[in-house]
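Hi there,

Here is the structure I promised to pass on to you. Have a look at it first, and then read my notes below.

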Amino acid sequence: MSSNKSKVYFGSIQHGKVWPFASFPVKVDKITEILMEQTPIEEKDKVAIKMHLGFNDGYQTIPVFFVRRIVEAVKRTGGYPFITDNPTAVYNAVKRGYTQETCGCPIIPIAGVKDGYTTPVKINFKGFDTLDLGGVLKDADVLIDLSHAKGHGACGYGGAIKNLALGGYSGPTRWVKIHGVSHIDKYWDSVKGSPEHARKLVEACPYGALRYDEEKENLIRNYHDCHQCFTCLEIDQDIGALKLPRESYTAFQEMMAISSSKVLETFDSSKVFYLNFLLNITTYCDCLGTAQPSIVNDIGIVGSKDIVAIETATLDLIKKEGLIEKNIPPFLKHVNLDPNEDLHPFTRLHGPYKDPYESVRFVEKLGKGTSRYELVEILSPEETANMKTPEKAFERGEPTFM
Ligand code: SF4
């Protein structure tokens, strides 16, 4: 292996034998163990496990079954694990089966119960000078960024970067500053565009992504819902009041790179690792709180010490797997399925301006890792197929409780 490549450990959902020794949970345990060995967790270290615990009717977050195994692995090192996310997700986590009893550790709101326990971090981007980082996250000694890999409306993909970039901050920072950055460059000219013209554009958008603020005479685009079908631009072409700048989409990705990097800068880099679960890969993020069909087959788990490497490997594995076309939601009318275009499945779903690799490239530019990686498969189906099957003892007598 070339020394400038980062290792990404991969455990496939596929198994070479039917028995537990070859199964996916064992691979999760082994990858967690390998990363723990590379992470100096000292006795009594406070270990933050940053998750997205989901909302409302969403149930496709990381199963508590795996979370508990990771928590127990941390406890074996002598560290004190706790799970953290935004206050509302923490309060309702029980609905998805996450409790102190099931997970094996406390679940603590990232910025306190009123979302006000924060610490400002300095940035200098598009007129924003600070972001309010969750104080509970900052208080931790070790960070395990435990993420569910899936699509995301605003940027195509949500994984390890997004889990910190948005989930590491208070609600106002998340919504007003990080999401709000897409609105900094003006895209509506109220002198050229009359309210009547604006209303026509609102009506024409097939995704309901446009809204007209009558009072402020401003047309507002919801970048999350926009699939860059360009219908609005076609209608506006003789008037020229509306723009659809790619930079507005990119600004969000760059802001996520900055905000996730700021989270990482609060930790000793040796005390951080990443696990991405590539299961239940849906079109949209868990933030939507809704059940969705998987649009990519289950792939497995990847783990790494390098955020850029793990995100690149995750996206590459998803690209290789491809879309389950019959599961594409019927309301998405502009999905590009042209096999002659080399597009990532998330770009096909969310539109040409939502390149899922964009935030990863920005994080790499900020020096937080490398996109050059070596994929190290743990207990591959080929390997386990050739392994001797241990003798299986079924419970025929007294229950073993094992
Ligand atoms: S590009 Fe399409 S989806 Fe986006 S705002 Fe315009 S009409 Fe709506």
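To start, is glutamate 217 buried, exposed or partly exposed? With 14 C-beta neighbours inside 10 Å, glutamate 217 counts as partly exposed. The cut-offs are these: a residue is buried if 20 or more other C-beta atoms lie within 10 Å of its own, exposed if 12 or fewer, and partly exposed in between, with the C-beta atoms placed from the backbone.

Please keep in mind that this is a predicted model, in which local features need pLDDT of at least 70 and side-chain atom pairs count only at pLDDT 80 or more, while totals for chains, interfaces and linings use all residues. Residues are numbered from 1 along each chain as its sequence is written.

Glutamate 217 sits in the loop between β10 (210-213) and β11 (218-221). Its phi is near 50°, which is a positive value in a residue other than glycine. Helices (H or I, at least four residues) and strands (E, at least two) are DSSP runs, numbered from the N terminus.

Asparagine 280 also has a phi near 50°, again positive in a residue other than glycine. You will find asparagine 280 in the loop between β12 (272-278) and β13 (281-282), and it is buried, with 21 other C-beta atoms within 10 Å.

Asparagine 336 is in the loop between α11 and α12 (345-350). Because it has 12 C-beta neighbours inside 10 Å, asparagine 336 counts as exposed. Leaving out residues up to four places away in sequence, asparagine 336 touches Glu341, Leu343 and Arg348; such a contact means that the C-beta atoms, placed from the backbone, lie within 7 Å.

**Helix α11**

Helix α11 covers residues 307-321, and its 15 residues should span 21 Å at 1.5 Å a residue. That expected span is 1.5 Å times one less than the number of residues. The end C-alpha atoms of α11 are 21 Å apart, which agrees. Of its 15 residues, 11 are buried, so α11 is largely enclosed by the rest of the structure. Among the buried ones are Ile307, Glu311 and Leu317. After α11 comes glycine 322, with a positive phi near 75°.

**The cores**

A nonpolar core is a set of buried Ala, Val, Leu, Ile, Met, Phe, Trp, Tyr and Cys residues joined through C-beta atoms within 7 Å. The largest one here has 97 residues, and Ile49, Ile144, Ile161, Phe252 and Leu278 have the most contacts inside it. Apart from it lies another core of eight residues, including Trp188 and Cys232. Not counting residues up to four places away in sequence, isoleucine 161 touches several residues, among them Ile307 and Glu311.

**Domains and ligand**

The domain assignment gives domain 1 (6-181 + 247-385) and domain 2 (186-244), with bounds that come from an automatic or database assignment. Their contact takes 12 residues from domain 1 and eight residues from domain 2. Helix α10 (residues 246-265) gives the largest share of the domain 1 side, three residues.

Which residues come nearest to the ligand? Of the 13 residues around the ligand, they are Cys205, Cys226, Cys229, Thr231 and Cys232. Here a residue is near if its C-beta atom, placed from the backbone, lies within 6 Å of the molecule.

Happy exploring!

Terms used: Contact = placed C-beta atoms within 7 Å.
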